[in-house]
Amino acid sequence: MSKRLTIFPLTGAILFPGLQLPLHLFEPRYRAMVSDALARDRRIGMIQPQQPAEGAPLFKIGCVGRIGEFEALEDGRYNLVLEGESRFRILRELDVTTAFRQVEAELIEDSAEGVLSSIERASFEQEARRFAAVQGYSVDWDSVGRLDDNTLIDGVSQIAPFDPAAKQALLEAPDLNARCELLIQLMQFFTHRDDGDEIITLQ
């Protein structure tokens, strides 16, 4: 079943069901978008454009977020937190008179409880430690070890410093196991250095 969605195209930002995404919105069209969403169902579809340009074509997969905490500043800007609810697939972009873009989309039914095998989990954590060491990140590994598989894999996918194409591939992975495998491959790819000692990217 399809539904109409207001969308926020933002390069490099993805959202997963069950996770949160803090946003600071200051452009007039996106302030209008938030006002409209608050007056209706508080929902906004996060999606990446295929290029960082005005009116660029959109990727087909995004995630619906519900506005949770929000702060309306005196100058009209908003600070808010989107709470991820469901991935969606764009069917078509709508011809609208609003300053913000809208689409017809269908929600994707994801399994709420994906589970990794002990081997998959161990392989991921081993690669994550190597990746964090190369990037110079300080990580509380005891806390990481207590996370459930979905929160761990989707959380790292959402915040990892990969390029937009890589982040989109993670969002589009069909299930938790496929996302974990891809995440391991990406961490291996991004920690490999060329002769100039520069991090290689997918772009």
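## Close-up views of a predicted model

**View 1. Leucine 186 in helix α6.** Helix α6 (residues 176-191) contains leucine 186; helices here are DSSP runs of H or I with at least four residues, strands are runs of E with at least two, and both are numbered from the N terminus. The model is predicted, so local features need pLDDT of at least 70 and side-chain atom pairs count only at pLDDT 80 or more, while totals for chains, interfaces and linings use all residues. Residues are numbered from 1 along each chain as its sequence is written, and side-chain values use heavy atoms, with hydrogens and water left out. Leucine 186 counts as buried because its relative accessibility is 6%; buried means under 20% relative accessible area, exposed over 50%, and partly exposed in between (1.4 Å probe, protein chains only).

**View 2. Helix α5 and its surroundings.** Helix α5 covers residues 164-172, and its buried residues are Ala166, Lys167, Gln168, Leu170 and Leu171. These buried residues pack against β4 (61-72), β5 (78-93), α4 (149-159) and α6, where a contact is heavy atoms within 4.5 Å. At the start of α5, the backbone nitrogen of alanine 165 has a side-chain oxygen of aspartate 163 within 3.1 Å. A polar contact is a pair of N or O atoms within 3.5 Å; within protein, one must be able to donate a hydrogen and the other to accept it, and residues adjacent in sequence count only if both atoms are side-chain atoms.

**View 3. Burial of helix α4.** Eight of the 11 residues of α4 are buried, so the helix is mostly covered. The buried residues are Asp149, Asn150, Leu152, Ile153, Asp154, Gly155, Ser157 and Gln158. Their cover includes β2 (20-25), α2, α3 (141-146), α5 and α6. At the start of α4, a side-chain oxygen of aspartate 148 comes to within 3.1 Å of the backbone nitrogen of asparagine 150.

View 4. Aspartate 154 belongs to helix α4 and is buried, at 7% relative accessibility. Its side chain and that of arginine 179 form a polar contact of 3.0 Å. Beyond neighbours within four places in sequence, aspartate 154 touches Phe16, Leu19, Leu176 and Arg179. Glutamine 158 is also part of helix α4, and its relative accessible area of 10% makes it buried. With neighbours within four places in sequence again left aside, glutamine 158 has contacts to Ile14, Leu15, Phe16, Leu19, Gln20, Leu21 and Lys167. Glutamine 158 and glycine 12 are 146 residues apart in sequence, yet their C-alpha atoms are 9.4 Å apart.

**View 5. The crossing of α2 and α4.** The axes of these two helices come within 12 Å and cross at roughly 35°. Axes are lines fitted to C-alpha atoms, for helices over the stretch in contact, and angles run from 0 to 180 degrees between N-to-C directions. The crossing of α2 and α4 is left-handed, meaning that the near helix is turned anticlockwise from the far one by less than a right angle (clockwise would be right-handed). Arg121, Phe124 and Glu125 of α2 make the contact with Asp149, Leu152, Ile153 and Val156 of α4.

**View 6. Salt bridges.** A salt bridge is a side-chain nitrogen of Lys or Arg within 4 Å of a carboxyl oxygen of Asp or Glu, and by this rule there are 14. One of them pairs arginine 121 with aspartate 149 at 2.7 Å, N to O. Arginine 121 is in helix α2 (residues 118-135) and aspartate 149 in helix α4, so this pair ties together parts 28 residues apart in sequence. Both arginine 121 and aspartate 149 are buried. Another salt bridge joins glutamate 104 and arginine 92 at 2.6 Å, N to O. This pair links distant parts of the chain, with glutamate 104 in strand β6 (residues 102-107) and arginine 92 in strand β5, 12 residues apart. Arginine 92 is partly exposed, at 46% relative accessibility. Glu27, Arg29 and Glu54 form a salt-bridge network.

**View 7. Model confidence.** The average pLDDT of the protein is 90, and 94% of the residues score at least 70; pLDDT is the predictor's confidence in each residue, from 0 to 100. Over residues 194-203 pLDDT stays under 50, and the model has 21 contacts beyond four places in sequence for this stretch.
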